[in-house]
Amino acid sequence: MERDCIDDCVTLCRSCDLVVTKRALPSGVRALCPRCHTALYDTPYCSINGMLALCITALIFFTPANFLPILELHFLGSVRTATIAEGAIAVAHQGYWIVGISVMLTAVIAPGILILSILSQILIIKYRLHSPFFRDLLKRLLKYQDILSQLTMLEIYLISILVSVFNLSDFADIFLGMGTFCFSMLFIVTLFLQREYNLEHMWSMLDE
């Protein structure tokens, strides 16, 4: 643990091999090597308020993305619709319960928890909630942030939707509904949110 802490506090310049101690930087600022002026590391260009806006936007799209139909199939006079949750449940009922649980976990549960976790972190930092309860909560959220990020796989499900549309287009008329739009927007917003989120920066704010 002590060695990991030391590794997180220093960085090595890739040009001159100078060992530099890491320090918390303001948003949008880049640290340079004091010897050769090579860029070492930087902080996210998106501010706390910017990530807060992304979190709120993701929450707005989350419910319709998961509970509105993403596909509407017209085949031999019958019309069928499917949502992400219904798809996961249908796969589980067919005996592929591991696949069904994986879809539900990576496409519904994990993204929702990830968004709520980042939102909670931002609110604690933004409003300077320094009580022991909130500090302990923030530490726990930061500790499990990497796991939630790895479990969130919206892009895989989005690709599977596009593949399904391509494969079924010769046999049925397929219409993309509002759920498809909301799910695509949820993927884009979550992608930008994860891109701008910096775990080390959030830890430094906790230390401050």
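A compact globule of 208 residues would have a radius of gyration near 17 Å, whereas this protein chain has 22 Å. That radius is taken over C-alpha atoms, and the globule rule is 2.2 Å times the number of residues to the power 0.38. The model is predicted: local features need pLDDT of at least 70, side-chain atom pairs count only at pLDDT 80 or more, and totals for chains, interfaces and linings use all residues. Residues are numbered from 1 along each chain as its sequence is written, and side-chain values use heavy atoms, with hydrogens and water left out.

Along the principal axes, the C-alpha atoms fill a box of roughly 70 × 40 × 30 Å. The chain has nine helices and seven strands. Both are DSSP runs, numbered from the N terminus: helices are H or I with at least four residues, strands E with at least two. Buried residues make up 36% of the 208 residues. Buried means under 20% relative accessible area, exposed means over 50%, and partly exposed lies in between (1.4 Å probe, protein chains only).

Now take helix α5, residues 132–143. Its 12 residues reach 16 Å from first C-alpha to last, close to the 16 Å expected at 1.5 Å a residue. The expected span is 1.5 Å times one less than the number of residues. The buried residues of α5 are L138, L141 and L142. Seen down the axis of α5, these buried residues fall within an arc of 95 degrees, so they line one face of the helix. The arc is that of the directions from the helix axis to the C-beta atoms.

Aromatic rings come next. Rings of Phe, Tyr and Trp (its six-membered ring) pair if their centres lie within 6.5 Å; planes under 30 degrees apart count as stacked, over 60 as edge-to-face and the rest as tilted. By this rule there are two aromatic pairs. In one, the rings of F61 and F181 have centres 6.3 Å apart and planes at 80 degrees, so the pair is edge-to-face. The pair links distant parts of the chain: F61 lies in helix α2 (residues 48–67) and F181 in helix α8 (residues 178–196), 120 residues apart. F61 counts as buried because its relative accessibility is 17%. F181, at 45%, counts as partly exposed. F133 and F134 form an edge-to-face pair too, with 5.2 Å centre to centre and 75 degrees between the planes. F133 is exposed, with a relative accessible area of 58%. F134 is partly exposed at 28%.

A charge also meets a ring. The charged end of K126 sits over the ring of Y127, 5.8 Å from its centre. The test requires NZ of Lys or CZ of Arg within 6 Å of the ring centre and within 35 degrees of the ring normal.

Last, the cysteines. How many disulfides does a search of the whole structure find? It finds zero. The criterion is a pair of cysteine sulfur atoms within 2.5 Å. For C13, the nearest cysteine sulfur is that of C36, 3.5 Å away, and C13 is in no disulfide. C13 counts as buried, at 1% relative accessibility. C36 is in no disulfide either, and at 31% relative accessibility C36 counts as partly exposed.
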